[in-house]
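Hi,

Here is the model I said I'd pass on.

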Amino acid sequence: MPNHTTTIVVAAMLALPPMAVSAESLRCKNQTVNVGDMRASVLQRCGEPLRKHTFCKRVEAPSVQQTAAGVTVVTEPPCINVDEWTYNPGYGQFMTTLQIEGGVVKAIKYGDRVQ
């Protein structure tokens, strides 16, 4: 006979809505691009993006030191290049931007619905 606590926990879990493993994806040519996919795979599946933007993302904050002579020294840490590729998946869909770091899709973000 199950104990009362187990019954309550199971009932509570069944009442929760199902959680998606990865809601963010981009569908191209009947294939899906997901976080973790390689840049080359994205190009193969989706072709060239509508827009490309590259920026430098800091991995840590600059350090500031004061010398004995009263001079402030700011050391800029290295950064990593992040590519943002934007795709137009078609009428009624959402503009989709992929963030690619080190050749791997790290994030997928949705914009406005295509009119």
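This is a predicted model: local features need pLDDT of at least 70, side-chain atom pairs count only at pLDDT 80 or more; totals for chains, interfaces and linings use all residues.

Residues are numbered from 1 along each chain as its sequence is written, and side-chain values use heavy atoms, with hydrogens and water left out.

Most residues other than glycine have a negative phi. Lys29, though, has a positive phi near 50 degrees, and Asn30, also in the loop between β1 and β2, has a positive phi near 60 degrees. Lys29 is exposed at 62% relative accessible area, and Asn30 is exposed at 72%. For the cut-offs, buried is under 20% relative accessible area, exposed is over 50% and partly exposed is in between, with a 1.4 Å probe and protein chains only.

**The sheet**

There is an open four-stranded sheet, in the order β3-β6-β7-β8 and with antiparallel pairing; two strands pair if DSSP finds at least two bridges between them. On average, neighbouring strands here are turned by 25 degrees against each other, direction ignored. (Axes are lines fitted to C-alpha atoms, for helices over the stretch in contact, and angles run from 0 to 180 degrees between N-to-C directions.)

β7 (residues 94-101) and β8 run antiparallel and are joined by seven bridges. Leu98, for instance, has Ile108 in β8 as its bridge partner. Helix α2 (residues 39-46) lies across β6 (79-87), β7 and β8, at about 15 degrees to β6.

**What is packed inside**

The largest nonpolar core has 11 residues, among them Leu26, Val42, Trp85, Leu98, Ile100 and Ile108. A core here is a set of buried Ala, Val, Leu, Ile, Met, Phe, Trp, Tyr and Cys residues joined through side-chain atoms within 4.5 Å. At least two core residues come from each of β1 (26-28), α2, β6, β7 and β8. Setting aside residues up to four places away in sequence, Ile100 touches Arg39, Asn81, Val82, Asp83, Trp85, Val105 and Lys106, contact being heavy atoms within 4.5 Å.

Thr97 belongs to β7 and is buried at 18% relative accessible area. Its side chain makes a polar contact with the side chain of Thr86 (3.1 Å). That term covers N or O pairs within 3.5 Å; within protein, one atom must be able to donate a hydrogen and the other to accept it, and residues adjacent in sequence count only if both atoms are side-chain atoms.

**Which rings pair up?**

The count comes to one aromatic pair. Phe94 and Tyr110 are tilted, with 6.5 Å from centre to centre and 55 degrees between the planes. Rings of Phe, Tyr and Trp (its six-membered ring) pair if their centres lie within 6.5 Å; planes under 30 degrees apart count as stacked, over 60 as edge-to-face and the rest as tilted. Phe94 is in β7 and Tyr110 in β8, 16 residues apart. Phe94 is partly exposed at 34%, and Tyr110 is partly exposed at 41%.

Cheers
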